[in-house]
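Keep the sequence and the 3D view side by side.

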Amino acid sequence: MKEIMKTNIYDVSDTIIIVGSCLKYMQPEGFKKLKVISDNIYELCLEETHINMAITKVGGMLRTGKIKKLVFVSVDKSPHCIQLHYIQDELKKMMNIENIDIKNYVVVNNELEEITPEIISLSKNLSKLKYVINN
């Protein structure tokens, strides 16, 4: 596993997976399942690195044109890791990434659970989430 913030933006391939750096230790069997998707796994700790720096780094990687699929994977219930899933929204505001297949997963009990863009959006909108829960 490589550290994304220490990786050259050209050192990428078709599919990259960006994981919270604690995933490998907190959910080891779930982490192993990611290797079926790609061996190009990059770790990122958003407790150490500000999300804006990560957005710029991933944007540079996408700009190379080498990436066709981008996967974000986090542990569940982490206030830091959840930000991994917000990176794509910021990238969409900055550049055209509609040709990139983007997937999001949360690992729970060593199982990959896919998270939809609607769920990610809702997690950022607490007033709407309150409405959904109360109605």
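In which sense do strand E2 and E4 pair, parallel or antiparallel? Strand E2, residues 15-20, pairs with E4 in the parallel sense. Five bridges hold that pairing. For a landmark, find Val 19, which stands opposite Val 73 in E4. Bear in mind that this is a predicted model.

Now look to the other partner of this strand. E4 is joined to strand E5, residues 101-108, by seven bridges. These two strands also run parallel. Here Phe 72 stands opposite Asn 104 in E5. To get from E4 to E5, the chain passes through helix H4, residues 87-94. This β-α-β crossover is right-handed.

How enclosed is E4 itself? The strand spans residues 69-75, and six of its seven residues are buried. The rest of the structure therefore largely encloses E4.

Follow the chain onward from E4. Ser 78 sits in the loop between E4 and H4. Its relative accessible area is 18%. Because the cut-off for buried is under 20%, Ser 78 counts as buried. A polar atom of the Ser 78 side chain lies 3.0 Å from the backbone nitrogen of Cys 81.

Next comes the nonpolar packing. The largest nonpolar core has 27 residues. Among those with the most contacts inside it are Ile 16, Ile 18, Leu 70 and Ile 87. E2, strand E3 (41-44), helix H3 (51-63), E4, H4 and E5 each supply at least two residues of this core. H3 gives the largest share, six residues. Apart from this core lies another, of twelve residues, including Val 19, Leu 34, Val 75 and Val 107.

Which residues does it touch, leaving aside neighbours within four places in sequence? Ile 87 is in contact with Leu 44, Ile 51, Ala 54, Ile 55 and Phe 72.

Finally, turn to the cysteines. How many disulfides does the structure hold? It holds zero. A disulfide needs the sulfur atoms within 2.5 Å. Cys 22 is partly exposed, at 28% relative accessibility. Cys 45 is in no disulfide either. Its nearest cysteine sulfur, that of Cys 22, is 6.9 Å away.

How values were computed. Residues numbered from 1 in each chain as written. Predicted model: local features only at pLDDT ≥ 70, side-chain atom pairs only at ≥ 80, totals over all residues. Heavy atoms only, no water. Buried < 20%, exposed > 50% of the residue type's maximum accessible area, 1.4 Å probe, protein only. Helix = DSSP H or I, 4+ residues; strand = E, 2+ residues; numbered from the N terminus. Pairing = 2+ DSSP bridges. Right-handed = clockwise from strand over helix to strand, strands pointing away. Polar contact = N/O pair within 3.5 Å; in protein donor to acceptor, adjacent residues only side chain to side chain. Core = buried A, V, L, I, M, F, W, Y, C linked by side-chain atoms within 4.5 Å. Contact = heavy atoms within 4.5 Å.
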